[in-house]
Amino acid sequence: MTPQPRPGPRSSPPLAASAPPGTTTLTIGGMTCAACVGRVEKKLGRLDGVAATVNLATGRATVSHPAAVSVTDLVSTVEAAGFTAQLHGPAPAPDAEDRPSLAGRPDDRDDGARAERHRLLVTAVLSLPVLVLSMVPGWQFRDWQWLCFVLAAPVAVWGAAPFHARALRGLRHGAATMDTLVSLGVVASFTWSAYALFLGGAGAPGMTMPFSLLPAAGDGAAHLYLEAAVGVPLFVLAGRRMEARARRGTGAALRALAELAAKDVEVRTADGMGGAQVRRIPVDRLRAGDRFLVRPGERVATDGTVVEGSSALDLSLISGESRPVEVGPGAAAVGGAVNSGGLLEVRADAVGADTQLARITRLVEDAQTGKTKVQRLADAVAAVFVPAVLTVSVTVLGFWLGAGADPQAAVTAAVAVLVVACPCALGLATPTALLAATGRGAQLGILVRGPEALERLRRIDTVVLDKTGTLTTGRMSVTALTARTGGLESAAALRLAAIVEQGSEHPLARAVGAAAEARLPGQLLPPVTDFAATPGHGVHGTADRHRVEVTRPGDLTGLPAPLPEAVRTAEAAGHTAVQVTVDGTPEAVIAVGDALRPDSYRAVEHLRRLGLRPVLATGDRAATARAVAGHLTITEIHAGARPEDKAALVTTLREQGGRVAVVGDGVNDAAALGLADLGIAMGSGTDAAIGAADVTLVREDLQAIPDAVRLARRTLGTIRSNLVWAFGYNLVTVPLAAVGLLSPMPAAAAMSASSLLVVGNSLRLRAWRPAGPGNPARRPHNRRTPAGRETS
């Protein structure tokens, strides 16, 4: 196998940083199909040094440009292409109408949405009598055709006005879009019907017209196509209305993140008389260093540190953590979390764009704006699709007329080709799926940097796992406590050890102190006296009038049972054993180590069942690495690995043909994360690791790794099915229309239905739930492929 080429440089900003200079996000108005997207990208790309990515579903353009190109230049270029543009501002209010095609303030969007609803309602009222009379010959009374003409005229002119306006605007700029097809279809249908009424004999009293889904044969009788003239704008307007509502659903997660931000906050300030007063201010006036109150049931206004009080914070909507997190003085409080318990006073550490919630929102927005490789291909096809359809329509008209067919049959076939061939579904196939998937991922605590990362995540086959902070908690803790038979109780021995360890700042001392606090709640430890520490050996001092030593174990043959076995067990597990000696008698052995995360085994086993090869790479010693690998049944171990060794391992695995993902959390993992096909960082890790990664796991749960793989596979599967439908629909319907087997009205309905099917298929990702062992929220049964791998 040949090694896979390394993807190009990543353009999206890391979780810990804001957008790089020279990157501007614009809100584009007036786009209706993938051809519009291609036109905006092409126009912006003609500026020197400018590269643009336009997303139809969000109505946003992400533009990379040199300092010489100003935002004004970008806006002017977009407007010159026939669209509106403005600098992208804050997310709209949750109750604002989410219309990507309408730029401006929320009230502008509301006004536009009301106008569209009004247009659709009036069009429907005028169109329905025309459709019924045209489709039911038994209801066709004397001069019915003239009533239909009177009702159809305002629909063809005013109801279809948005299509006509955008078609003319595109014509002025030498471009054709879906609106061009719709406008030409309506004009051709209505014009032919007017000709038939006034000059073709269809206006004669008592005229009746049979209805068929197939175009009328050339029988010499005049036929009207008023039902097509009103049906096309009616179906397209209704389809776009439903499509907009569906697309609003795909962005629900992003709006949910916006809703998490508090609107105002109670700030505690000095009153000038030695006291303090509390006043409520808008959250945007909060500054770093300010102290604010969080009452039970309220949201934490911004990232900060708890100064007073204790409570439990619900982080489920921020990181996906299912259990509330206990906090007290000195603990971190994340903005957007809900206070489930007592009153907290918090000191603001970060405000505005620097908060974790703002960074998560920004990362999700960036991921939703990007494109996959297959979408770029679809956009390229859509850019030439509309001109090609116009050519086909003219060719069909000429062919039928040249073959001696009835003119109305020729016009019908040409109009049907115009109406049915809409590239809208092509433009929506990928962005709507990405909107839904990245939003769902954010809800599950999985932040994907961009579409390219999602593609690579789906294809990985090897996962290199760091140990400390990834498979383990990254914090030293007491894993076992063994007291000698007939001696002090284990709790008493732990208490004495904790008293002595108060004088030490060693991580082992902090672990012993934390264990004593957990096992002996509410007990105040007296201070240690005569404390002394011997580097590399241990500490000793006087506690409760006893001479206590906490040291490395000496000769095991001199220890009473069962202490020797406790030492050997700790060393076999890769933990550190310390001996507690009281007044010269060995009383207990405490095992201290970096404990495995409780979900590590399930996560690694789940990765294996997904067909991925787990590899352990750690800078820790071999005994510890083997112990951890043994617990997790990992057979490939690389211990004592320095940062350069991890990077070399990734290079070797890729040279062997593997598609490698690296999971880590420290500065020492940054090089390997950057070299891998895909970097996955723990959200609790360093900024260097997060900045080098493509995926960040916000929730402290390793099950998020297989969940991310499953979500990527499901998303790419959804995109593929969307594109198959979008391409297949046009491949089937355009030839049918060209040969005269599809009339304009059902063609309009089919065209609108194609876009709705694509958006509806993408919306299924919003309800996606991880399926796998050990998660109560997961589906109980997993499907397997013949090769034994799970599929989602």
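The structure is a predicted model, in which local features need pLDDT of at least 70, side-chain atom pairs count only at pLDDT 80 or more, and totals for chains, interfaces and linings use all residues. Residues are numbered from 1 along each chain as its sequence is written, and side-chain values use heavy atoms, with hydrogens and water left out. The protein chain has 25 helices and 28 strands; helices (H or I, at least four residues) and strands (E, at least two) are DSSP runs, numbered from the N terminus.

**Overall makeup**

- Of the 792 residues of the protein chain, 51% count as buried. Buried means under 20% relative accessible area, exposed over 50%, and partly exposed in between (1.4 Å probe, protein chains only).
- Accessible areas come from the Shrake-Rupley method with a 1.4 Å probe; for residues, only the protein chains shown count as cover.
- Among contacts in the protein chain with a separation of 6 or more, 72% come from residues 24 or more positions apart. Contact means heavy atoms within 4.5 Å.

**Helices α4 and α5**

- The axes of helix α4 (residues 144-159) and helix α5 (residues 161-172) come within 5 Å and cross at roughly 40°. That angle makes α4 oblique to α5.
- On the α4 side the contact is made by A156, V157, W158 and G159, and on the α5 side by A161, P162, F163 and H164.
- Axes are lines fitted to C-alpha atoms, for helices over the stretch in contact, and angles run from 0 to 180 degrees between N-to-C directions. Angles under 35 degrees count as roughly parallel, over 145 as roughly antiparallel, 65 to 115 as roughly perpendicular and the rest as oblique.
- Helix α5 also holds A165, which counts as partly exposed because its relative accessibility is 45%. A165 and D179 are 14 residues apart in sequence, and their C-alpha atoms are 8.6 Å apart in space.

**Salt bridges**

- Side chains of opposite charge can pair when their charged atoms come close. The structure holds 15 salt bridges, each defined as a side-chain nitrogen of Lys or Arg within 4 Å of a carboxyl oxygen of Asp or Glu.
- E266 forms a salt bridge with R295, with the closest N and O atoms 2.6 Å apart. The two residues are 29 apart and link distant parts of the chain: E266 is in strand β5 (residues 264-270), and R295 is in the loop between β7 (291-294) and β8 (304-308).
- E266 is buried, at 12% relative accessible area, whereas R295 is partly exposed, at 34%.
- D544 forms a salt bridge with R495, and their closest N and O atoms are 2.3 Å apart. D544 lies in the loop between β18 (538-543) and β19 (546-551) and R495 in helix α16 (residues 490-501), so this pair ties together parts 49 residues apart in sequence. D544 is partly exposed, with a relative accessible area of 33%.
- R654 forms a salt bridge with D677, with 3.0 Å between the closest N and O atoms. R654 is in helix α21 (residues 643-655) and D677 in the loop between α22 (670-675) and β25 (678-682), so the pair ties together parts 23 residues apart in sequence. Both R654 and D677 are buried.
- Salt bridges that share partners join D264, E266, R280, R295 and E298 into one network.

**Backbone exceptions**

- Most residues other than glycine have a negative phi, and most peptide bonds are trans.
- The peptide bond from A561 to P562 is cis, with omega near 0°. P562 lies in the loop between β19 and α18 (563-572).
- D143 has a positive phi, near 65°. D143 sits in the loop between α3 (106-135) and α4 and is partly exposed, at 29% relative accessibility.
- D583 has a positive phi too, near 50°. The loop between β20 (576-582) and β21 (585-596) holds D583, which is partly exposed at 46% relative accessibility.

**Nonpolar surface patch**

- F727, L731, V732, L736, V739 and L741 make a nonpolar surface patch of about 530 Å².
- Patches are made of residues with over 30% relative accessible area and no salt bridge; like charges are joined within 9 Å, and nonpolar side chains (Val, Leu, Ile, Met, Phe, Trp, Tyr) within 5 Å.
- L731 is found in helix α24 (residues 704-738) and counts as exposed, at 66% relative accessibility.
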